[in-house]
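Subject: Structure handover

Hello,

Here is the structure I said I would pass on. Please open it first and keep it on screen while you read the notes that follow.

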Amino acid sequence: MTTDPAAEDASLREVADELAVAGQLPRFLLMYKFAIEELMTKLRILSEEFDFVHQHDPIEHITSRVKRPEAIKEKVHRRGLGTDWVSAAGALDDIAGIRVVCPFVSDVYEVARMLTAQDDVELLRTKDYIASPKANGYRSLHLIVRIPVFLSDRVEKVKVEVQLRTIAMDFWAAVEHKLSYKYRDSVPPDFAGELSAAARTAADLDRRMAALHERIR
Ligand code: 0O2
């Protein structure tokens, strides 16, 4: 498949500029909503067909979101991408985000492999925080993919961040996010150590569940 990523980003920025001038920002964000819908359909098909063939559904649940305009604006400023946040937004990878929660670690990699093997899904970047967890213990597989969205007058290539993780990883990340937000200004001294210990417990749970799954199969 295609192409020059820098040229694609530039074209996305041009579209954003035009739409901003025309006062059509929501239309610009609509592209991300459509890209999410396309990927959600692909993931649902993979889930159902894999379950039919292997009698095992590799996807527990899927959530998605388009980043809020205020959050896009904040990130554009934080990254120093300029003051025209609408045109700079095309440089961000995570305006569209999908989170795929799987029963087992092996499912995470299998779903990632099946999704990125599709002809119209272009894999731009992989961050494997399962193989190399973050310092705080965060584990997940992040993919930045780009897919074509067929609009009424053109085709746009749209980037989507797909986060894949197990139920145990998702539990840890959801609670860590809440706690970190709550204690942002007054983190207790043992907080980081406790969190990474909890992440190790979650990883151990993943291993034990995978072993049980293997035995049953
Ligand atoms: P939201 O609301 O989920 O979108 P960035 O953080 O985006 O500036 P980078 O390197 O592009 O930098 O991001 P990275 O490391 O790939 O991770 C981005 C997203 O992964 C985050 O999005 C979170 O969803 C998730 N994530 C990464 N690290 C952690 C973590 O330590 N704890 C939790 N709970 N989630 C994490 P946002 O934009 O922060 O938020």
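Start with Gln-55, which is exposed, with a relative accessible area of 64%. Gln-55 belongs to the loop between helix 2 (25-54) and strand 1. Its phi is positive, about 50 degrees, even though Gln-55 is not a glycine. For background, most residues other than glycine have a negative phi. Bear in mind that this is a predicted model.

Strand 3 pairs with strand 4 (residues 141-150) in the antiparallel sense, over six bridges. To find this pairing on screen, look for Asp-128, which stands opposite Leu-141 in strand 4.

In soluble globular proteins, nonpolar side chains tend to be buried together. The largest nonpolar core here has 40 residues, and Val-100, Val-162 and Leu-164 have the most contacts inside it. Several elements give two or more residues to this core, among them helix 3 (69-78), helix 4 (85-88) and strand 2. Helix 2 supplies the largest share, eleven residues. A second, separate core has seven residues, including Tyr-129, Ala-173, Phe-191 and Leu-195.

Leaving out residues up to four places away in sequence, Leu-164 touches Val-100, Val-108, Val-111, Ala-112, Ser-140, Leu-141 and Leu-143.

Last, the aromatic rings. How many aromatic pairs are there? The count comes to one. The ring centres of Tyr-129 and Tyr-138 are 5.7 Å apart and their planes are at 65 degrees; planes over 60 degrees apart count as edge-to-face, so that is what this pair is. Both Tyr-129 and Tyr-138 are buried. Lys-134 lies over the face of Tyr-129, at 5.6 Å from the ring centre.

Regards

Notes
Residues are numbered from 1 along each chain as its sequence is written. This is a predicted model: local features need pLDDT of at least 70, side-chain atom pairs count only at pLDDT 80 or more; totals for chains, interfaces and linings use all residues. Side-chain values use heavy atoms; hydrogens and water are left out. Two strands pair if DSSP finds at least two bridges between them. Helices (H or I, at least four residues) and strands (E, at least two) are DSSP runs, numbered from the N terminus. Rings of Phe, Tyr and Trp (its six-membered ring) pair if their centres lie within 6.5 Å; planes under 30 degrees apart count as stacked, over 60 as edge-to-face and the rest as tilted. Buried means under 20% relative accessible area, exposed over 50%, partly exposed in between (1.4 Å probe, protein chains only). A charge sits over a ring if NZ of Lys or CZ of Arg is within 6 Å of the ring centre and within 35 degrees of the ring normal. A nonpolar core is a set of buried Ala, Val, Leu, Ile, Met, Phe, Trp, Tyr and Cys residues joined through side-chain atoms within 4.5 Å. Contact means heavy atoms within 4.5 Å.
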